[in-house]
Amino acid sequence: MDFWTVSLRILLFPSALGLCSDLFHSECYTVNGADYRGTQNQTSLENGKPCLFWNETFQHPYNTLKYPNGEGGLGDHNYCRNPDGDVSPWCYIAENEDSVYWKYCDIPSCKMPGNLGCFRDHGNPPPLTGISETSNKQTIQTCISMCRRQRYKFAGLESGFACLCGNNEDYKKHGEAPSTDCNSVCFGDHTQPCGGDGRIILFDSLIGACGGNYTMESAVIYSPDFPDTYGTGKACYWTIQVPGASAMNFNFTFFDIKDSRDMVELLDGYTKQVLVRFDGRNHPSHSFNVSLDFVILYFFSDRVNQAQGFAVVYQAFKERVVGKPKTIINQTQTELITQTTNLSINAARSSKILYVITTSPSRPTGHMPGWTVYALTALLILTILAIITKALLHVSMKSPRLSSPTSLDSCHRGSTGEIWSIFYKPSTSISIFPKKIKSPHDDRNPLVGE
């Protein structure tokens, strides 16, 4: 596809990120909030401890002197961040409690789509009542994959090693807990939260699926095996088809692909042509619009160099019809033309004359011109006159007449041996001329006199 075609199909919209963030009410698209760039500056919204400024914490490992270029979101502020890849954003605090000089931040808005939250588990019955298993290598995706294979909608993790599956819509029955209560690290990955004692963290089992079909106006699609690193030798397709959409906005809120041979592509769903391609060297820098209602998202990974993957948010837009004028057909005029045409056709059939009336489809039908009405009336009158004339001639020819002997010769040569035919054409006048019936006397040479 050439440059101009791609330019017409893909338009850059820098402000689309805010729209999509507002849509999902989330400031995080990673499970541990490593991408959080919000402005919460205390450990909890209710009675939380205030955070210290990152440019004043030189006695601690993470500060702006050691990371002057904004690594991990650090800067001249005191907002919660996760610069070390912990299970949740955190910050330094001034009050030391048992020699602890930092705390996790409970940020309600920092919850990746698909993370349903942290809930209490009183155990009788548990929030999810399907199958369960324990593993000392437990990760979030390990649990999600097991539940997805068994066709369960929800996956839950407790105490860092237990996985529970189920379809229970009432998983909130024991109440919701702060997100920091589910910050026990997964035994298989210490950067992921896997619930807590009597606390279960729940996820939608569609997270990290290799492929899928989307028809919703908006959704988030994660790379395969997310939030774990994507596997090798992956080839995944996601179809996104929103009927009636005039365009779709795509925003990669998270993109971590190391290998230049691993790639993400967007294809035209109808022609299968590649619209845009990203890889380890070419990262998406802006959100963009695709002027289609059917797009295919494709991901490929080779057999080396795994990475975290990606999260992409799409939002479909439908055209708004604003005062679109409708073509109004003059019903009275249509009926008049139809009636006149039918009348003319019926009259013409009796005299073996056919009239064809056409209108140009490219010209809108307005008021009927006066000359058209007069022309149709004249044609109708001429047709009736032709029929009457023919009928009178037919009657006069069949009526008995006495011929005198002196006129015998002239009758033999003329009137009684002739049938008058009338031919009428709408574009010409009526012409009447004699047509002689073939007789033995007609074989005479016209050049020989009597």
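This is a predicted model: local features need pLDDT of at least 70, side-chain atom pairs count only at pLDDT 80 or more; totals for chains, interfaces and linings use all residues.
Modeller: Residues are numbered from 1 along each chain as its sequence is written, and side-chain values use heavy atoms, with hydrogens and water left out.

Biologist: How many disulfides does a search of the whole structure find?

Modeller: A disulfide is a covalent bond between the sulfur atoms of two cysteines. The criterion applied is a pair of cysteine sulfur atoms within 2.5 Å. Over the whole structure, the search finds 8.

Biologist: What is the handedness of the disulfide of C147 and C165?

Modeller: The sulfur atoms of C147 and C165 are 1.9 Å apart. C147 lies in helix α3 and C165 in strand β7, so the bond ties together parts 18 residues apart in sequence; helices (H or I, at least four residues) and strands (E, at least two) are DSSP runs, numbered from the N terminus. The torsion about the S-S bond is -80°, and the link is left-handed.

Biologist: Which strands stand at the edges of the open sheet of 5 strands?

Modeller: The sheet has antiparallel pairing and the order β4-β10-β6-β7-β5, where two strands pair if DSSP finds at least two bridges between them. Within it, β6 (residues 154-158) and β7 (residues 162-166) pair over 5 bridges. Each edge strand has a single partner, so one side is left without a neighbour in the sheet; these strands are β4 (115-120) and β5 (132-134).

Biologist: Is D262 buried or exposed?

Modeller: D262 lies in the loop between β14 (245-256) and β15 (263-268). Buried means under 20% relative accessible area, exposed over 50%, and partly exposed in between (1.4 Å probe, protein chains only). The relative accessible area of D262 is 0%, so D262 is buried.

Biologist: Which residue makes a polar contact through its side chain with the side chain of D262?

Modeller: A polar contact is a pair of N or O atoms within 3.5 Å; within protein, one must be able to donate a hydrogen and the other to accept it, and residues adjacent in sequence count only if both atoms are side-chain atoms. The backbone nitrogen of D302 lies 2.8 Å from a polar atom of the D262 side chain. The side-chain partner, at 2.8 Å, is Y230.
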